[in-house]
Amino acid sequence: MKKFISVHDVTDLSALVADALRYKANPHADKTLGSGKRIGLLFLNPSLRTRLSSQVAAQNLGMEAIVFNVGQEGWALEFEEEAIMSGNTVEHIKDAARVLSLYFDVLAIRTFPTLKNREDDYSELFINQVIKYAGIPVISLESATLHPLQSFADLITIQETWKHPKKPKVVLTWAPHVKPLPQCVANSFSQWMTTWGECDFTIVHPEGYELADTFTQGATILHDQKSALQEADYVYVKNWSTYNDYGKIYESDPSWMLTNKHLALTQNARVMHCLPVRRNVELSDEILDGPNSLVTQQAGNRIWGAQAVLANILKNA
Ligand code: CP
């Protein structure tokens, strides 16, 4: 891999999952692979899991990881071409990325969407400008539309917990939230599940919360949560704001919050969420603290996913 922005950058998904599980069994199997190399982890937005799991992954490969909270500590970056920078932005990404490419061997960046202008967000201007001007491998730590490291950890978690010969039924259900959130995790999970193809994949959400078609080809899309949950083996819970009428909350019907009553409709489904989670808004305490929850295991697998991606980049860049 020369970059890791979406599932389409992965040439062999099964091999990448196998690499991640190999690192999980033996974290220091390739402890000198990244020796003498350095990764810059740039955050324009907050993070707990992505930031720390990426650092641990790099260190397991013998690579130095430097975190830069650009959003809080750096100059305000400009991403538009030919911008007249007479406003709040101080440094153009052209200049910053060219400099960063002299300091690092790999760059990773988190750039959330604004949720104000759909065309701008879905053009992925920010991360594409970093790729264009850095000229070194770039890893997405969550961009405006996708969160591939999260989805990879989700796929690892499903594969390591599914022990039956039949394909699992995986349901992505919309959940209530108190503020408008990006569609990234839902888009990305859908993209990874449909590309993987070894599951029966359903998305369920209230009317008005349709995701972009590009990411949902191959999924069954329903609006009735009860029927969607029937016979589910995995339920992935996530809120997202509207895509068509961009960045809005139409309703936050609390009946969409997953509880044990919902779980009773499933095939004793395992429950997933990317975290952070609003307890008793998106998901009930009883599920999060109960035996069906995979959320901690998912977050743990963020290390092994990041390590497999980084190792692949180090071997192939
Ligand atoms: N799931 C996830 O990306 O967590 P953070 O936002 O804490 O990194």
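The largest pocket has a volume of about 630 Å³. A pocket here is an open set of points on a 1 Å grid over the protein atoms alone, with protein on both sides within 12 Å along at least five of seven lines; a cavity is a set of points where a 1.4 Å probe fits but cannot get out, and lining residues have an atom within 4 Å of a point. Grid points are joined across faces, edges and corners, and a volume is the space filled by probe spheres set on the points.

The model is predicted: local features need pLDDT of at least 70, side-chain atom pairs count only at pLDDT 80 or more, and totals for chains, interfaces and linings use all residues. Residues are numbered from 1 along each chain as its sequence is written, and side-chain values use heavy atoms, with hydrogens and water left out.

The lining of the largest pocket consists of 30 residues, with Phe112, Glu142, Leu181, Pro182 and Pro276 nearest its centre. Two or more lining residues come from each of α2 (49-60) and α8 (184-196). Helices (H or I, at least four residues) and strands (E, at least two) are DSSP runs, numbered from the N terminus. Because domain 1 (3-146 + 302-316) and domain 2 (150-298) both give residues to this lining, the pocket lies between them; the domain bounds come from an automatic or database assignment.

| Protein atom | Ligand atom | Distance |
|---|---|---|
| Leucine 48, backbone N or O | oxygen | 2.7 Å |
| Arginine 49, side-chain N or O | oxygen | 2.9 Å |
| Cysteine 274, backbone N or O | nitrogen | 3.0 Å |

The protein covers 93% of the 250 Å² of accessible area that the ligand has on its own.

Glutamate 82, in the loop between β4 (77-78) and β5 (91-92), has a positive phi, near 55°.

The structure also holds 1 cavity of 30 Å³ or more, and the largest cavity contains about 60 Å³ of space. Its lining includes Ile39, Ser54 and Leu310.

Note on methods. Polar contact = N/O pair within 3.5 Å; in protein donor to acceptor, adjacent residues only side chain to side chain. Areas by Shrake-Rupley, 256 points an atom, 1.4 Å probe, with all protein chains shown as cover.
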